[in-house]
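Student: Could you walk me through how to read the features of a model like this one?
Tutor: Gladly; let's look at it together.

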Amino acid sequence: MAHQQKNEKKIPVALLIIDVINDFNFPEAPLLLKTSEPIADKIVDLKKRAKEAGIPIIYVNDNFGQWQSDKQRLVEYCSAQAGGEFVKALQPDEDDYFVIKPKHSGFFSTPLSTLLNELGIQSLILCGVAGNICVLFTANDAYMRGFTLHVPSDCSASNIEEDNERALLLMEKTLNADITPSGELDLQAIIEQAENDKQKTMY
């Protein structure tokens, strides 16, 4: 029922939350976990505001080698790993969408494009980890598909803070992404702009 209500509203903006359901089981994981912890509350708050505005929430997540997992099993697995508290704070709700990806970009070998088309999405708000890899690769593919991008500067993290800052600047300069911090994002204005842009593409 929740998904039907989202579809009826046809809000042309989606929030993509990338790789926060994470097992942090790789050599650089302690670095990433340290830089990721401060963004958890920011993403939680942004997600809450987005849901209140009727914006659909789409988790785009690596399977971390768990090829036989679904959403629930992946959340349970990652919650029991090193970054369990981070994962628990950001786990999806029942009415959130969940797309499992095999590689860096959320668009590669996934149904994300089909889902966004079905939802009538024009603009994307991207957040998650790592900012200089999976968020960046997803943003690249989204830009090539004509989506307007918002990548809040305080809602992504990379192993090294300077790498995250460089990735944000790259997305701003090359992909025309708005990197305004999450607390300053005017979600209603983003929705209205997306609705206007969508109208233009129809003529």
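Tutor: What follows is a tour of a predicted model, going from strands to core, helices and backbone.

Student: Let's begin with the strands. How many residues of S1 are buried?

Tutor: For a strand, check burial and then the direction of each side chain. In S1, 6 of the 6 residues are buried, so the strand is largely enclosed by the rest of the structure. Val 13, Leu 15 and Ile 17 point one way, while Ala 14, Leu 16 and Ile 18 point the other way, and all are buried.

Student: Which strands are joined to S1 by bridges?

Tutor: S4 runs parallel to S1 and is joined to it by 6 bridges. S2 also runs parallel to S1, with 4 bridges between them. Ile 18 shows both pairings: it stands opposite Gly 128 in S4, and its bridge partner in S2 is Val 60. Ala 14 has Leu 124 as its bridge partner in S4.

Student: Now the core. Which residues touch the most other members of the largest nonpolar core?

Tutor: Leu 15 and Ile 21 do, in a core of 37 residues. Among the elements that give two or more residues to this core are strands S1, S2 and S4 and helices H2, H3 and H9. There is also a second, separate core of 29 residues, which includes Leu 116, Val 135, Leu 149 and Ala 167.

Student: What is Ile 21 in contact with, leaving aside its neighbours within four places in sequence?

Tutor: Its contacts include Tyr 59, Phe 64, Leu 74, Val 75, Cys 78, Val 87, Leu 90 and Phe 98. Asn 61, Gln 91 and Pro 92 are in contact with Ile 21 as well.

Student: How should I read a helix such as H2?

Tutor: List its buried residues, then see what they pack against. In H2, Ala 29, Leu 32, Leu 33, Thr 35 and Ser 36 are buried. The buried residues of H2 pack against H3, H5, S4, strand S6 (156-157) and helix H8 (161-174).

Student: At what angle do the axes of H7 and H8 cross?

Tutor: The axes of H7 (residues 131-144) and H8 come within 10 Å and cross at roughly 10°. Angles under 35 degrees count as roughly parallel, and H7 and H8 are therefore roughly parallel to each other. Residues making the contact include Val 135, Leu 136 and Ala 139 of H7 and Ala 167, Leu 170 and Met 171 of H8. By class, the contact has 7 nonpolar, 4 polar and 1 charged residues.

Student: Lys 47 is in helix H3. Is it buried or exposed?

Tutor: Lys 47 is buried, with a relative accessible area of 9%. Not counting residues up to four places away in sequence, Lys 47 touches Leu 15, Ile 17, Ile 57, Tyr 59, Gln 91, Pro 92, Asp 93 and Asp 96. Its C-alpha atom and that of Leu 16, 31 residues apart along the chain, are separated by 9.5 Å.

Student: Finally, what should I look for in the backbone?

Tutor: Most residues other than glycine have a negative phi, and most peptide bonds are trans. Asp 19, in the loop between S1 and H2, has a positive phi of about 55°. Asn 176, in the loop between H8 and H9, has a positive phi near 55°.

Student: Where is the cis peptide bond?

Tutor: The cis peptide bond joins Val 129 and Ala 130, with omega about -15°. Ala 130 lies in the loop between S4 and H7.

Terms used
Residues numbered from 1 in each chain as written. Predicted model: local features only at pLDDT ≥ 70, side-chain atom pairs only at ≥ 80, totals over all residues. Heavy atoms only, no water. Core = buried A, V, L, I, M, F, W, Y, C linked by side-chain atoms within 4.5 Å. Buried < 20%, exposed > 50% of the residue type's maximum accessible area, 1.4 Å probe, protein only. Contact = heavy atoms within 4.5 Å. Axes fitted to C-alpha atoms, helices over the stretch in contact; angles between N-to-C directions. Parallel < 35°, antiparallel > 145°, perpendicular 65-115°, else oblique. Nonpolar A, V, L, I, M, F, W, Y, C, P; charged D, E, K, R; others polar. Pairing = 2+ DSSP bridges.
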